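Reader: I am new to this structure and would like to learn how to read it, one feature at a time. Could we go through it together?

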Amino acid sequence: MDKLYAAGIRGSLLKWFGSYLHDRKQRVVLDGKCSEWLDVTSGVPQGSILGPALFVLFINDMPDVISESGTLALFADDAKCLRTINSDADCVALQRDLNNLTTWSAEWKLPFNIDKCTISTVTTNATLFLLFMK
């Protein structure tokens, strides 16, 4: 709701979103057997038309936490933090950007999947190699 408000959504539309996102329940049905209903405490209804738009609004401020000389490329649920490294100071700045992104993800309870994170090095130097970490 904070993100919707920050995006300029106010009044009855904000209240409508609140009723859409709060007090939801879910259960699992498998082979005709049902689990107990449980409260849904986060997220948007899966498969909803509003889901992708709400996700974009939710991550819209993520690029604000990196420095001006860094770049954050966002596509769907993928984020790439980019920086040209010409000095030790650039390495420190990249680490600061990564730390800031980690803090953002913890604050908004949207953790990065560390198992899917990789490091890529792109260079014109033929002797430098690409490092991919998983």
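This is a predicted model: local features need pLDDT of at least 70, side-chain atom pairs count only at pLDDT 80 or more; totals for chains, interfaces and linings use all residues.

Reader: What radius of gyration does the protein have, and what would a compact globule of 134 residues have?

Author: The radius of gyration is taken over C-alpha atoms, and the globule rule is 2.2 Å times the number of residues to the power 0.38. For 134 residues a compact globule would come near 14 Å, but this protein has 20 Å. Along the principal axes, its C-alpha atoms fill a box of roughly 60 × 45 × 20 Å.

Reader: Which residues of helix α2 are buried?

Author: Buried means under 20% relative accessible area, exposed over 50%, and partly exposed in between (1.4 Å probe, protein chains only). In α2, which runs over residues 11-21, the buried residues are L14, F17, G18 and L21. They lie on the same side of α2, because they cover an arc of only 105° around the axis, the arc being that of the directions from the helix axis to the C-beta atoms. The face of α2 turned away from this buried side carries the exposed residues S12, K15 and S19. Among what covers the buried residues of α2 are α1 (2-6), β1 (24-26) and α3 (51-59), where contact means heavy atoms within 4.5 Å.

Reader: Which residues of α4 are buried, and what do they pack against?

Author: The buried residues of α4 are D90, A93, D97, L101, W104 and S105. Their arc around the axis is only 120°, so they are on the same side of α4, and they pack against α1, α3, β5 and β6. On the other side of α4, D88, A89, A106 and E107 are exposed. R96 also lies in α4, and R96 counts as partly exposed because its relative accessibility is 43%.

Reader: In which sense do β5 and β6 pair?

Author: Two strands pair if DSSP finds at least two bridges between them. Strands β5 (residues 71-75) and β6 (residues 78-82) pair in the antiparallel sense over five bridges, and T71 has L82 as its bridge partner in β6. The two strands form a hairpin with two residues between them.

Reader: Where is A76, and what is its phi?

Author: Most residues other than glycine have a negative phi. A76, in the loop between β5 and β6, has a positive phi near 55°. D23, in the loop between α2 and β1, likewise has a positive phi near 55°. A76 is exposed, with a relative accessible area of 53%, and D23 is exposed at 79%.

Key
Residues are numbered from 1 along each chain as its sequence is written. Side-chain values use heavy atoms; hydrogens and water are left out. Helices (H or I, at least four residues) and strands (E, at least two) are DSSP runs, numbered from the N terminus.
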